[in-house]
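Here are a few notes to read alongside the structure. Have it open and find each spot as you go.

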Amino acid sequence: MIATGTTPPPEGCIDTQVLDHVLLIGINRPAKRNGWTPRMFRELAEAYTRLDDDPTLRVGVLHAFGDHFTAGLDLPAFSEFMQRGEKVVPKGMVEPHDFGLEGYRRRTKPMVVAVKGICFTVGIELMLGADIVIAADNCRFSQLEVQRGIMATGGATLRMAERAGLGNAMLHLLTADEFGSAEALRLNFVQRVMPAGEELGEALRIAQRIAAQAPQAVIATRLNVLKAVEQGPMAAVAEFIDTQKRLASSEDAAEGVRAFIERRPARFTGR
């Protein structure tokens, strides 16, 4: 059962819950439409780092309490950090936007995101920095930084064009317009649209399906796909033989063969 979340402090918080091998990560500041504060970002980085460091956890699910995913950054709380060029996330942790900033770790385990209602600015960037996105059919998306005199620096300028092409990225980045779930699906920003209220259940179902696979193979597959996107196909191909050799020698590979022969679901341990 998914918990309803604790009563958050005024500056909000991130709630976590473990369901078997899945870490649920909940954005908890519904009274302010889950507007992000520095504390929330630090706690989000802590949750992402926990996911990667805990061998019993295999998949993360990012979601939000209340009616909306997020209205974006609480700009007054972040303005001083922006002016000084400082990050609110301490170095050495997993950086939730996942674009490889110096001094920060990159996430290795999969992240599924469930979005609903308002999903502005950083909300879009967090979902584009994840792996699979399930959207409610009532979503309102906007990358509206240019409307505030700033630039999107959480990955939108990279990933919108990557997913949707240059023209589509420029359309939404430069106009700060608002678009819905159907447009987000067309642009490959989200992978599935569900009736409002069903998005988290679907995200959890997908996460549990991923968690049932061999953990080392899931991580290797995810990282190889990212390498192909970021460094090109040949960089990914260069890893094929060594990665397959390592995976084929694992206990999980042996269990996969046994399960195939015995015609039963495999019971993977991550070894």
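1. Let's begin with helix α8, whose buried residues are Pro215, Val218, Ala220, Arg222 and Asn224. Keep in mind that this is a predicted model. The cover over those buried residues of α8 includes α7 (199-211), α9, α10 and α11 (251-262).

2. Now for the length of α8. It runs over residues 215-231, 17 residues in total, and spans 24 Å from first C-alpha to last. That is close to the 24 Å expected at 1.5 Å a residue.

3. Next, take a look at helix α4 (residues 156-164), where Ala156, Arg159, Met160 and Ala164 are the buried residues. They sit on the same side of α4 because they cover an arc of only 105° around the axis. Among the elements covering them are α3 (122-128) and α5 (166-175).

4. Finally, go to the surface. Met234, Val237, Phe240 and Ile241 make up a nonpolar patch there, with about 450 Å² of accessible area together. The elements giving two or more residues to this patch are α9 (233-237) and α10 (240-248).

5. Is Ile241 buried or exposed? Its relative accessible area is 70%, so Ile241 counts as exposed, the cut-off for that word being over 50%.

Conventions: Residues are numbered from 1 along each chain as its sequence is written. This is a predicted model: local features need pLDDT of at least 70, side-chain atom pairs count only at pLDDT 80 or more; totals for chains, interfaces and linings use all residues. Side-chain values use heavy atoms; hydrogens and water are left out. Patches are made of residues with over 30% relative accessible area and no salt bridge: like charges are joined within 9 Å, nonpolar side chains (Val, Leu, Ile, Met, Phe, Trp, Tyr) within 5 Å. Accessible areas come from the Shrake-Rupley method with a 1.4 Å probe; for residues, only the protein chains shown count as cover. A salt bridge is a side-chain nitrogen of Lys or Arg within 4 Å of a carboxyl oxygen of Asp or Glu. Helices (H or I, at least four residues) and strands (E, at least two) are DSSP runs, numbered from the N terminus. Buried means under 20% relative accessible area, exposed over 50%, partly exposed in between (1.4 Å probe, protein chains only). The expected span of a helix is 1.5 Å times one less than its number of residues. Contact means heavy atoms within 4.5 Å. The arc is that of the directions from the helix axis to the C-beta atoms.
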